[in-house]
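Here is a friendly walk through one protein chain, taken element by element.

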Amino acid sequence: MAYTLSQGGGLRLFVLLLALALVGGLFVPAAAVTRADGDGIEVVAMSAQSQFPDGIKFSVTARSSEDIGEVRVFLKKTGQTGRSTYRSVEFAPGRVVTGESLLRSGSGGEYFPPGTTIDYAFEIRDKGGAVFRTQDQHFVYSDSRFDWLSLSSGLITVYYYGAYVEERARTVLEAAEAAMTRMAPVLGIQPTEPLRIVSYNNYRHMSAALPFRSQAVREQLQTQGMAFSDERVLLVHGFDATVKGTVSHEFTHLLVAEAAGRAGSLVPAWLNEGLAEYGNIDPTDDYDAALRYGIFTRRLKPLWYLETFGGTPNDIIIAYGQARSVVQLLIGRYGPEKMTGLMLALQQTRDIDQALQQTYGFDQHGLDTEWRIAIGLDPLPPPAQLERQLQTQQPPTPPPAPIFIPTPAPADTPAPESSHAGSAPDAAGGKSSPGCGAPSQGQSGRAAVGLGTLLLLAAPLGLLSFRAFRRRRPG
């Protein structure tokens, strides 16, 4: 629509509108009415609504002087550039239309965790050729079972729920801040985009928000925290006894992803998990004990075999102990500045061996050799020679190994709970985003395990068995 006003009439109308505004009678709700001057299209209302655990429902009502032929909603995760996508909105044809589109999470869609922020905009096309696109709107996907509160410091926000829980949320926030203070200089980053932590009062509540896992896995293991680097979100069991260590470990994964940039999927597990443990402000000695066990039973793997962690629970816990030890050597011997250089080199070379060579003067084999010598072990032959030996020789039989028995799933830690909890579904379902305990993009099938899970794998019974076994060794 186009309007013309005489000079005097325009001035009088302006004065009238200004007077109404000053009195308080002129109010246009944000994102409620958006006009498209000259093209005949008007967006009357638009919204986004959490449909947890199924995803986000986008709704729009629009009208035009011509029949509307197509409506799309354009989406991207906040802070990401060049990764926008769109979905068609279903509606009954006409000049005034109302339509909806569901962005699925979990079953039938790509999983994204609560705390994910989405920028969205609607585009409307009518059959007269007019096209109008709304301004971007900002939406935070939340677990709608609870009434969420928030606590923030700088870029970090902790979401929590329930009465008398603020103090625990503050503990979570302080652990993340400590990890940021410790690891940002090591990684050479100064984050500028928000980082969000969603803190649950117990595991039962959190399990419904996690990516799908088989029933067998759910029955044996509990994940106390999981990081999602694409979304810059961390889910955590806020009342777990190891919450400070879990938060700082998992939060460091978000920082590593930022430092690596587009090479994030190329950071090998030994480096990613080793750095996460270096950022752990409340570490235990479980990984050290597991490393000693791995040395004694000759179950250490070559570093270049640890791009991902897999195998038995014992293999995984040993790999974490090895990763922590290697990263401690790198930073302790060469300083944090070199780690900053390694992150930059990995972005440039997109190859961990080349990045190590460029930064430290050795590749993964060279690092593995230096580390083994440092802890008193003989170095391994070069990768090609080792591969030939493994193909022609039977592996040595290790001494009898104590079994790490997963701790039975403990009862929920008593904590104040929201009256809106309801009954939690078994799983959110679907494909996970990168994070500790979740497959990384470009690394299908990665068998990484969350920190809380590893604490269960390294159960006290197994560690006590190992220590007793060491004490019984002759001379």
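Strand β10 (residues 156–161) runs parallel to strand β11 (residues 195–200), and 4 bridges pair the two. To find the pairing on screen, look for I156, which stands opposite L195 in β11. Please keep in mind that this is a predicted model.

**The sheet around β10 and β11**

Both strands are part of an open sheet of 5 strands, in the order β9-β10-β11-β13-β12, and its pairing is mixed. At the edges stand β9 (148–153) and β12 (225–228); each has a single partner strand, so one side of each is left without a neighbour in the sheet. On average, neighbouring strands of this sheet are turned by 20 degrees against each other, direction ignored.

What is the sense of the pairing between β12 and β13? These strands run antiparallel and are joined by 4 bridges.

Are the faces of β12 covered or open? Both are covered: G225 and A227 are buried on one side, and M226 and F228 are buried on the other.

**Helices across the sheet**

Helix α2 lies across β9, β10, β11 and β13 (233–237), and runs at about 155 degrees to β10. Helix α5 (residues 243–260) lies across β10, β11, β12 and β13, with an angle of about 165 degrees to β13.

**Two helix pairs**

Two packed helices are described by the angle between their axes and the distance between the axes. The table sets out both values for two pairs.

| Helix pair | Angle between axes | Distance between axes |
|---|---|---|
| α2 (residues 166–187) and α9 (residues 336–349) | about 65 degrees | 6 Å |
| α6 (residues 269–278) and α8 (residues 313–334) | roughly 75 degrees | within 8 Å |

Take α2 and α9, whose axes are 6 Å apart at an angle of about 65 degrees. Angles of 65 to 115 degrees count as roughly perpendicular, and α2 and α9 are therefore roughly perpendicular to each other. On the α2 side the contact is made by P185, V186 and L187, and on the α9 side by P336, M339, T340 and M343. By class, the residues of this contact between α2 and α9 are 6 nonpolar, 1 polar and no charged.

Now turn to α6 and α8, whose axes cross at roughly 75 degrees. That angle makes α6 roughly perpendicular to α8. From α6, the contact draws on W270, L271, E273, G274, L275, E277 and Y278; from α8, it draws on Y320, A323, R324, V326, V327, Q328, L330 and I331. The contact of α6 with α8 has 10 nonpolar, 2 polar and 3 charged residues.

How many residues of α6 are buried? The count is 9 of its 10 residues, so this helix is mostly covered. The buried residues of α6 are A269, W270, L271, N272, E273, G274, L275, A276 and E277.

**Backbone points to check in the loops**

Most residues other than glycine have a negative phi, and most peptide bonds are trans. A few places in this model are worth a look with that in mind.

The peptide bond from F52 to P53 is cis, with omega near 5 degrees. P53 sits in the loop between β2 (41–50) and β3 (55–77).

Y164 is not a glycine, yet its phi is positive, at about 65 degrees. Its place is the loop between β10 and α2. Is Y164 buried or exposed? At 80% relative accessibility, Y164 counts as exposed.

R350 also has a positive phi, near 55 degrees, and is a residue other than glycine. R350 lies in the loop between α9 and α10 (352–360), and at 43% relative accessibility R350 counts as partly exposed.

**Confidence along the chain**

The protein chain has a mean pLDDT of 80, and 72% of its residues reach 70 or more. Over residues 399–435 the pLDDT is below 50, and the model gives this stretch 113 contacts beyond near neighbours in sequence. Residues 459–475 also have pLDDT under 50, with 23 contacts beyond four places in sequence.

Technical notes:
Residues numbered from 1 in each chain as written. Predicted model: local features only at pLDDT ≥ 70, side-chain atom pairs only at ≥ 80, totals over all residues. Heavy atoms only, no water. Axes fitted to C-alpha atoms, helices over the stretch in contact; angles between N-to-C directions. Parallel < 35°, antiparallel > 145°, perpendicular 65-115°, else oblique. Contact = heavy atoms within 4.5 Å. Nonpolar A, V, L, I, M, F, W, Y, C, P; charged D, E, K, R; others polar. Pairing = 2+ DSSP bridges. Buried < 20%, exposed > 50% of the residue type's maximum accessible area, 1.4 Å probe, protein only. pLDDT = per-residue confidence, 0-100.
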